[in-house]
Amino acid sequence: MVHLGDECPVLSPLLPYINDAEQWSHDQIYYHPADVTINTLVAVVLLVASLALLFFGRKLIYTTFFVSGFIVALVATAYLVNLVLSATHPSTTLSCVLLIGLPLLCGLLGGYGAVKWFKRAFVLVGLAAGGAGGYWCYLVLHTAGWSVGTQLWHNDLSFYICLVGGAVLGAVAMVYMREVLLIVATSVTGAVGLVPALAVLALGRINPRFLWILNASDDDSHRKSPYVFGQVLAALVYFALGVLVQRAQQRREQRRRQRRLDRRRQRPRPCAS
């Protein structure tokens with residue numbers, strides 16, 4: 001792991017598994033005024049994006065592609081940079097710039113690329129949704145106390161199995177069933193994204209223990225707390241609500257199309273002269 005120093009922004013809603021655990025624990029997120037401002041802005045953006053995916057992901061297809069490309073590129077770059085920095089041990093200032101700046105830059109480029117190459121973007125939607133679903137599965141296993149027992153980068157190997165395995169399965173599924181799974185994929189991504197956003201924006205201000213959800217690393221002693229698994233279960237509710245809302249929108253659109261088609265069929269045809 002890379003220690004970034006107190007002067008580096010935490011960005012806890014986006015990069016919970018990258019920074020040293022002490023830097024984004026519940027005692028630190030609201031500690032510095034700069035961290036409060038930055039985390040609030042990041043959480044607001046994450047909240048808006050998650051709500052857009054959760055309730056309108058099928059309709060806002062370009063937004064879905066951009067957010068999915070951003071997430072995939074951000075996470076992949078963050079772990080790659082973290083791996084390099086852990087091996088080279090540069091200064092804390094340089095580590096901060098690289099570990100915060102490069103993932104955000106690559107995330108923006110990934111989002112742009114997803115919109116640019118429309119036909120291939122469904123793979124990114126599947127990667128993002130599968131990774132989000134795998135992350136949720138890891139939280140369930142984690143709060144239940146199950147683990148592989150092998151440590152990798154300060155996390156149990158089960159974290160990476162769930163994350164990578166879910167992403168691969170999601171990508172493959174979206175390639176073959178993209179129309180059927182688009183609602184499910186966007187609802188999964190939106191529901192999982194809501195959890196850290198709401199924790200930072202609202203729940204953590206009510207009780208700091210809600211921020212324990214941001215620290216699900218293997219050494220976290222609070223993993224069985226109701227403040228953690230309560231939010232894990234809440235993600236299921238968000239997901240179900242998103243599917244119901246998007247399915248209702250889809251049915252309304254289908255009924256409107258059917259009514260237009262029926263009216264077109266009922267129009268009297270001009271007689272041939």
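Biologist: In what order do the elements of the protein run from the N terminus on?
Modeller: In this predicted model, the order from the N terminus is α-α-α-α-β-β-α-α. That gives six helices and two strands in the protein.

Biologist: And how much of the chain counts as buried?
Modeller: The protein has 273 residues, and 45% of them count as buried. Its accessible surface comes to about 14200 Å², with 68% of that belonging to carbon and sulfur atoms.

Biologist: What share of the contacts comes from residues 24 or more positions apart?
Modeller: Among contacts with a separation of 6 or more, such residues account for 76%.

Biologist: Why does Val 123 count as partly exposed?
Modeller: Its relative accessibility is 35%. Partly exposed covers the range between the buried limit of under 20% and the exposed limit of over 50%, so Val 123 belongs to that class.

Biologist: Changing topic to cysteines: how many disulfides does the structure hold?
Modeller: The structure holds zero disulfides. Cys 162, for example, is in no disulfide; the nearest cysteine sulfur belongs to Cys 137 and is 6.1 Å away. A disulfide would require the two sulfur atoms to be within 2.5 Å.

Biologist: Is Cys 162 buried or exposed?
Modeller: Cys 162 counts as buried, because its relative accessibility is 14%.

Biologist: What about Cys 106, how does that residue count?
Modeller: Cys 106 is partly exposed, with a relative accessible area of 25%.

Biologist: One more residue, please. Where does Arg 58 lie?
Modeller: Arg 58 is in the loop that joins helix H1 (33-56) and helix H2 (61-88).

Biologist: With which side chain does the side chain of Arg 58 make a polar contact?
Modeller: The partner is the side chain of Glu 253, at 2.9 Å.

Biologist: Which residues is Arg 58 in contact with, leaving aside its neighbours within four places in sequence?
Modeller: Besides Glu 253, the contacts of Arg 58 are Leu 182, Ile 183, Thr 186, Gln 246, Gln 249 and Gln 250.

Terms used. Residues are numbered from 1 along each chain as its sequence is written. This is a predicted model: local features need pLDDT of at least 70, side-chain atom pairs count only at pLDDT 80 or more; totals for chains, interfaces and linings use all residues. Side-chain values use heavy atoms; hydrogens and water are left out. Buried means under 20% relative accessible area, exposed over 50%, partly exposed in between (1.4 Å probe, protein chains only). Helices (H or I, at least four residues) and strands (E, at least two) are DSSP runs, numbered from the N terminus. Contact means heavy atoms within 4.5 Å. Accessible areas come from the Shrake-Rupley method with a 1.4 Å probe; for residues, only the protein chains shown count as cover. A polar contact is a pair of N or O atoms within 3.5 Å; within protein, one must be able to donate a hydrogen and the other to accept it, and residues adjacent in sequence count only if both atoms are side-chain atoms.
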